[in-house]
Amino acid sequence: MSDQSEFIPRELDKVLARPDEVLPDIIHLIPLGSGPYFPVLVQPVVVDDLPWGAAVKKAVDSPHKLVGLSYTPVKSGQTATPEEVRQIGCVARIHRTHESDGKIQFIAQGIRRFKIVEWIDRVPPFLVRVEYLEPVINEDADQLRAYAMSLISSIKELATLNPLYTEELKHYLNYFTPNEPSALTDFAAAITSAQAEDLQDVLETVPLLDRMEKVLLLVGKELELARLQDKITQQVQEQVDDQQREFFLKQQLKAIQQELGIAKDDKESDVEVFTERFEKLRLPEKAKKAADAELKKLQVLDPSAAEYGVTRNYLDWLSSVPWGIYSDDQLDLTEARKILNRDHDGLDDVKERIIEFLAIGAYRGEVAGSILLLVGPPGVGKTSIGKSIANALGRSFYRFSLGGMRDEAEIKGHRRTYIGAMPGKLVQALKEVEVQNPVIMLDEIDKIGASFQGDPASALLEVLDPEQNGEFLDHYLDLRVDLSKVLFICTANQLDTIPAPLLDRMETIRLSGYLTDEKLQIARHHLWPRQLHKAGLKASKLKITDAAIRLIVDGYAREAGVRGLDKLLGRIVRKSVVRFLQEAPRLINVSKPVVEDLLGAPIFRKQQVQRGIGVVNGLAWTALGGTTLAIEAQAVHLDGRGFKQTGQLGDVMQESAQIAYSHVAGHASVFGAEDKYFDNTLIHLHVPEGATPKDGPSAGVTMATALVSLARHKQVNRDIAMTGELTLTGRVLPVGGIREKIIAARRAGIRELILPHENLRDFDEMPDYLKTGLKLHFVRMFEEVLPICFG
């Protein structure tokens, strides 16, 4: 479908085939991979010189100059075989051959259909015997005329939609008339962009009426495609016209403004924008002087200068800091308590500490800038409590993580001399929240790093010091920023890795792990509804029993927090959704048996309190919460003194074991053992589980009790657990993590505990629900432990 008139030689008028022309029955054959060739076509054809050049040359040298063209669907670069050549093709006369770059181009004038009846030469160049097919016209003349008129009407509409069809039509009318239905039908098929197989089907259809029906369908599809193409072209042109019109109008407006002297260039626009911003702020005197100086510099700089971009970025940041803008605090303690209770179950002692903190602010009339440190295992709600505090105060909330931060410029900003310099995270936070008294959460402060680029922890000393952060210096702005009204909330999993000077500046609030009942309430009120909401399920379609939640907590999610519990509930919801889609039940009720079907067998079995000679239950603290440890002592042989320790014990714990061994061996008779027992016995002390590293001083009392049990050949007479650091003289020193250890004991079903006397204060500060049902023994000396365990 293209204008080929420039390729058509003038001598064609003299050599057109006549209907009564005698055509040879043996001709050379050239396969065409692009599509079939029709008798009405006069177009250039390009073929490879090898192997088809010989066929073209032989046809040109023959008196009739005829060659057969037949469609052959072969891939590019492959040579056709006789089996792939279609049996019906078109004989064409060759005009004007031209060779270049391994190709032969010639003008082919389609004459008549043929059918291959015999292959004379099956190797290129192909030579075949053919018979010629004349159109079969047995139909009523009126019916043919109607089909012809439909074809002519469709071709006319195509010509109005696309000028290329007009050129094709003119070319056709030079050699044929509209009164020739067979030629008209072939011409209509040839100008379409139909698939090669559809066109071959038309070529093989000899009965004229059947052929016209097929061609009408192809022309109809082409017409719809042309209409759609015309519509798209019009839409694109309209958009281009609108854009051109808007561009010209803007250029005219700019020229008019320049003539009237009211035009503003980009520099003046920037100055105006920054000036308007500064007018809405209450800048300190030094910040105002810096802003005026930078604005004056911006006015004299050329916009294409590198310094212009640096100055503009500085003014952008300087005008984005909310200087002097503060939000009003909500100091209603009742509402604050309601928000805390709504967002969190349990943590009553933590909530009370927060209410006390807010009460001071309510009494003063404002909440001054403070620094709180929330310490606890992962998943206990440290971050969400920070958000609740912000909601209770009605303040904006901003959080960023310090985990892995190694560059102090992240806190204090880069100096403007560096390419791509930016303010620190704190100035960025103020820009985002648009007030100077937000709640800023510094997450994972115990995982902050250090490198050759500086120590971010040292940079935080200024930020988290209420005496200094009123004049915090950001290196990029090079101005003092008041952070004294900001409420900083830091989070950490442990205190060991926080530098002491930094820890000294913060008020620590500990969040211990949750008990089973607390996890049950959290799952019921928060986790389960959230998972249903994520899945788009209604609570009436998917339900879970309290017994099922308790099984998940005890058997699958024993960590201190609730993050693992949340994941397991999400897994149950996902598996239930799969069942909804496959089985379409009206309701799914998740009970204990269903939990095991969905999650498999429980990971944890119910903890059994270990008892036996040389076996004593201790209490330990980890970053994930408290846990119980059954410390085991065993006599290996009686052939000589010795002491062996296993269980991946750290240096401090090994020292505790040595102290316990020395103290018990030195006072064996006092503790009811044989005098020479330790002199003649190799004792092996093991702390399960062996693959888990352990360290800390709090197992001294437990190890000593296990050694006494082994030496006296007597087991502890009831379920009891203990913790405490032991000295060589037998004093029991206080240890940390009392709350977590008590929670671990309750989880294991142990209700009688031995604790250092100096930890009595920690126990008294614990909430009542943790103390209920416990029997506590507070001891100062190790001798007080033995009557409790063996009396």
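Colleague: What makes Glu 434 count as exposed?

Modeller: The model is a predicted one, and in it Glu 434 has a relative accessible area of 55%. Exposed means over 50%, so Glu 434 gets that label. Its place is the loop between helix H15 (425-433) and strand E9 (439-443).

Colleague: And what is the phi of Glu 434?

Modeller: Positive, about 65°, although Glu 434 is not a glycine. Lys 65 is another case, with phi near 55°. Most residues other than glycine have a negative phi, which is why I flag such values.

Colleague: Where does Lys 65 sit, and is it buried, exposed or partly exposed?

Modeller: Lys 65 is in the loop between H2 and strand E3 (66-71). Its relative accessible area is 34%; buried would need under 20% and exposed over 50%, so Lys 65 is partly exposed.

Colleague: While we're on backbone angles, which peptide bonds are cis, and how do you know?

Modeller: Omega tells you. From Leu 50 to Pro 51 omega is near 15°, and that bond is cis. The bond from Pro 124 to Pro 125 is cis too, with omega near 0°. Pro 51 belongs to helix H2 (residues 49-61), while Pro 125 is in the loop between strand E5 (103-121) and E6.

Colleague: On to helix H3. How do you know that its length agrees with what a helix should span?

Modeller: H3 covers residues 141-161, which makes 21 residues. At 1.5 Å a residue the span should be 30 Å, and the end C-alpha atoms are 30 Å apart, so the two agree.

Colleague: Which residues of H3 are buried?

Modeller: Leu 144, Tyr 147, Ala 148, Leu 151, Ser 154, Ile 155, Leu 158 and Ala 159. Looking down the axis of H3, these buried residues fall within an arc of 145°, so they line one face of the helix. On the other side of H3, Met 149, Lys 156 and Thr 160 are exposed.

Colleague: Now the salt bridges. What makes Arg 129 and Asp 25 one of them?

Modeller: The cut-off is a side-chain nitrogen of Lys or Arg within 4 Å of a carboxyl oxygen of Asp or Glu. For Arg 129 and Asp 25 the N to O value is 3.6 Å, so by that cut-off the pair is a salt bridge. Arg 129 lies in strand E6 (residues 126-133) and Asp 25 in the loop between helix H1 (12-15) and strand E1 (26-32), so the pair ties together parts that are 104 residues apart in sequence.

Colleague: How many salt bridges are there in the whole structure?

Modeller: A search finds 35. Among them is Asp 719 with Arg 611, where the closest N and O atoms are 3.9 Å apart. Asp 719 is in the loop between helix H23 (700-712) and strand E20 (721-722), and Arg 611 in the loop between helix H21 (592-599) and strand E16 (615-622), so this pair ties together parts that are 108 residues apart in sequence. There is also a network of salt bridges linking Glu 294, Lys 297, Glu 307 and Arg 416.

Colleague: What about Arg 761 and Asp 762: how exposed is each?

Modeller: They form a salt bridge, with the closest N and O atoms 3.9 Å apart. Arg 761 is at 53% relative accessibility, so it counts as exposed. Asp 762 is at 24%, so it counts as partly exposed.

Colleague: Why is Asp 465 called buried?

Modeller: Because its relative accessible area is 12%, and buried means under 20%. Asp 465 is in the loop between helix H16 (456-463) and strand E10 (472-474). Its side chain makes a polar contact of 3.4 Å with that of Arg 505.

Colleague: Last one: which residues make the nonpolar surface patch?

Modeller: Leu 228, Ile 232, Val 236 and Val 240, covering about 310 Å². Val 240 lies in helix H7 (residues 208-260). At 31% relative accessible area, Val 240 is partly exposed, and a patch residue needs over 30%, so Val 240 passes that cut-off.

How values were computed
Residues are numbered from 1 along each chain as its sequence is written. This is a predicted model: local features need pLDDT of at least 70, side-chain atom pairs count only at pLDDT 80 or more; totals for chains, interfaces and linings use all residues. Side-chain values use heavy atoms; hydrogens and water are left out. Helices (H or I, at least four residues) and strands (E, at least two) are DSSP runs, numbered from the N terminus. The expected span of a helix is 1.5 Å times one less than its number of residues. Buried means under 20% relative accessible area, exposed over 50%, partly exposed in between (1.4 Å probe, protein chains only). The arc is that of the directions from the helix axis to the C-beta atoms. Patches are made of residues with over 30% relative accessible area and no salt bridge: like charges are joined within 9 Å, nonpolar side chains (Val, Leu, Ile, Met, Phe, Trp, Tyr) within 5 Å. Accessible areas come from the Shrake-Rupley method with a 1.4 Å probe; for residues, only the protein chains shown count as cover. A polar contact is a pair of N or O atoms within 3.5 Å; within protein, one must be able to donate a hydrogen and the other to accept it, and residues adjacent in sequence count only if both atoms are side-chain atoms.
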